[in-house]
Amino acid sequence: MVHTAHGYWLAEAGPVTPAPALEEEASADVVIIGGGYTGMWTAWQLRERGASVLLLEGELCGHGPSGRNGGFCETLWTHLPSLVERFGRERALELCLASGESVRSIGAWCEEEGVDAWFTPGGYVMASTAPAHDAVLDEILAAAPGDRVRPLSAEETRARCDSPRFRRGLLVADDATVQPARLALGLRAKLLDVIRERSRVTAVRSGPREVVVETASGGRVRAGAAVLAMNAATRGVPPLRHRLSVTSSHIVLTEPVPDVIEDLGWTGGECITDARTFVHYFRTTRDGRIAFGWGGGRLAAGARLHGKVEVDPEVATETHAHLVDMFPQIEGRAITHAWGGPIDVSPSHLPQIGTLDDGPVHYAFGFTGNGVGPSHLAGRALAALASGESTDLAVTDPNPVRVPGEPLAITGGTLVRRAFLRKERLEEAGARVDLVTRAAVAAPRALGMHVAR
Ligand SMILES: Cc1cc2nc3c(=O)[nH]c(=O)nc-3n(C[C@H](O)[C@H](O)[C@H](O)COP(=O)(O)OP(=O)(O)OC[C@H]3O[C@@H](n4cnc5c(N)ncnc54)[C@H](O)[C@@H]3O)c2cc1C
């Protein structure tokens, strides 16, 4: 098995030649910091509007989570209950519909631009794997319009994918899958003329109408506005550092197993998760494999990324065991690849898209493991904000909860993680969850934080 930070998708998509670093003085209408989907969709939208753009990426565009994720290209429908709680029903529905437009636009963009990102509009299934998790489905189904999210009986769920663990499910037909690195590198290729790589931004200074940005490569940009699209690295940006925490997720990939996929009846291209807090997510690939991910990775201390956040053999081994538990037929089949990456968790589990108080610096972060589709929506919002327009797509929690500083965040977060893992293990075994575990699991809610969706 090859266990690396970058994983299978980037290897499958093929190598890239780095764009030149920024070593000189430059100017642009908008400078974008970060070359994942968020930064690149923003650049794309701004260019469509006729603005001059410079995108600065610390490493290589699309080589962070955007090129390594599970490829679930989702709408926001499963977040409808949280969106209603924060923004009221009307705005919440508008946001979900806009997120559907984004998924469709990604598919259309691939078609129009000739980017073969394996876009497959196969829908998303959430399947409950324990009685205690049925309520998660029911809450979403009660809130969502029936033409967008529909219930699946046990038979209907298992007809789509026959795991013995599935009880019943729900279907979001608007969701899709992509080969994430092909999408990210496809965007990168279309934007190469405005991209500078290996140009890590070390300072952002903003006045009322101008922003000056400096890079470790010796460059400096003057711009009318800046966009921070740095994902988990936002944890290192002082005005935003208390608005997110960073955890990690790992994926294991099987060798081609078309016979198992056929046996499971899993031929509709659906991406699937269970309804756990530390979610299992899984999908098939065009080359007949199963990619199986787990959101139960370790927390990062502060803004410190890399290390076990990206390569964690223990978590990868556990993820493999969970895969076999979900699909016993996989026992004995080879795992060819494992990889991982950071997750930018916002306390409400909802993306945060807005503007800093002291100048034209706009940001998006907090996708909380659901950024492939919503980063396109964020790109639309950020392009509008950076063009001086207001937009209903800019969403920030009305009263953002503060994530504690270190070392409290890592210590408390690690304890809460252990409690959730224990709770979910007990629930799936049909055992009673003890009082201490229940109290530990409830603690974040008392601080206004959602650990689950
Ligand atoms: C293992 C894993 C599985 C996932 N699965 C899914 C999934 O199936 N579906 C889904 O919707 N989401 C999933 N996600 C989350 C999804 O990948 C992210 O939400 C999405 O890629 C975020 O895009 P982004 O552009 O905001 O961030 P990124 O892709 O992280 O891009 C940010 C970029 O900013 C750069 N950067 C940071 N700091 C600086 C600086 N100072 N100067 C210059 N550049 C800087 C980084 O190098 C990076 O390239 C998963 C994530 C992981 C790790």
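Two strands are said to pair if DSSP finds at least two bridges between them, where strands (E, at least two residues) and helices (H or I, at least four) are DSSP runs numbered from the N terminus. The views below come from a predicted model, in which local features need pLDDT of at least 70 and side-chain atom pairs count only at pLDDT 80 or more, whereas totals for chains, interfaces and linings use all residues. Residues are numbered from 1 along each chain as its sequence is written.

**View 1. Antiparallel pairing of β15 and β16.** Strand β15 (residues 280-284) and strand β16 (residues 290-294) run in the antiparallel sense and are joined over five bridges. Within this pair, Arg283 stands opposite Ala291 of β16.

**View 2. The open sheet of nine strands.** The strands follow the order β1-β17-β13-β16-β15-β14-β5-β7-β6, and their pairing is mixed. At the edges stand β1 (2-3) and β6, each with a single partner strand, so one side of each is left without a neighbour in the sheet.

**View 3. The hairpin of β10 and β11.** Four residues lie between the two strands of this hairpin, and β10 (residues 201-206) pairs with β11 (residues 211-215) in the antiparallel sense over five bridges. Val204 stands opposite Val213 in β11.

**View 4. The buried and exposed faces of helix α5.** A residue is called buried if 20 or more other C-beta atoms lie within 10 Å of its own, exposed if 12 or fewer do, and partly exposed in between, with C-beta atoms placed from the backbone. In α5 (residues 134-143), the buried residues are Val136, Leu137, Ile140 and Ala143. They cover an arc of only 140 degrees around the axis, which puts them on the same side of α5; the arc is that of the directions from the helix axis to the C-beta atoms. An α-helix has 3.6 residues a turn, so residues three or four places apart point the same way. The face turned away from the buried side of α5 carries the exposed residues Ala135 and Ala142. The buried residues of α5 pack against α3 (80-87), β5 (124-127), β6 (149-152) and β7 (169-172), a contact being two residues whose C-beta atoms, placed from the backbone, lie within 7 Å.

View 5. Not counting residues up to four places away in sequence, Ser27 touches Val221, Arg222 and Ala223. Cys110, by contrast, is 83 residues from Ser27 in sequence and 30 Å from Ser27 in space, C-alpha to C-alpha.

**View 6. The shell of residues around the ligand.** Two or more residues of the shell are given by each of α2 (37-48), β13 (245-254) and β17 (335-345), and the largest share, four residues, comes from β17. The shell divides into 15 nonpolar, 21 polar and five charged residues, where Ala, Val, Leu, Ile, Met, Phe, Trp, Tyr, Cys and Pro count as nonpolar, Asp, Glu, Lys and Arg as charged, and the others, Gly among them, as polar.

Definitions and conventions. Near = placed C-beta within 6 Å.
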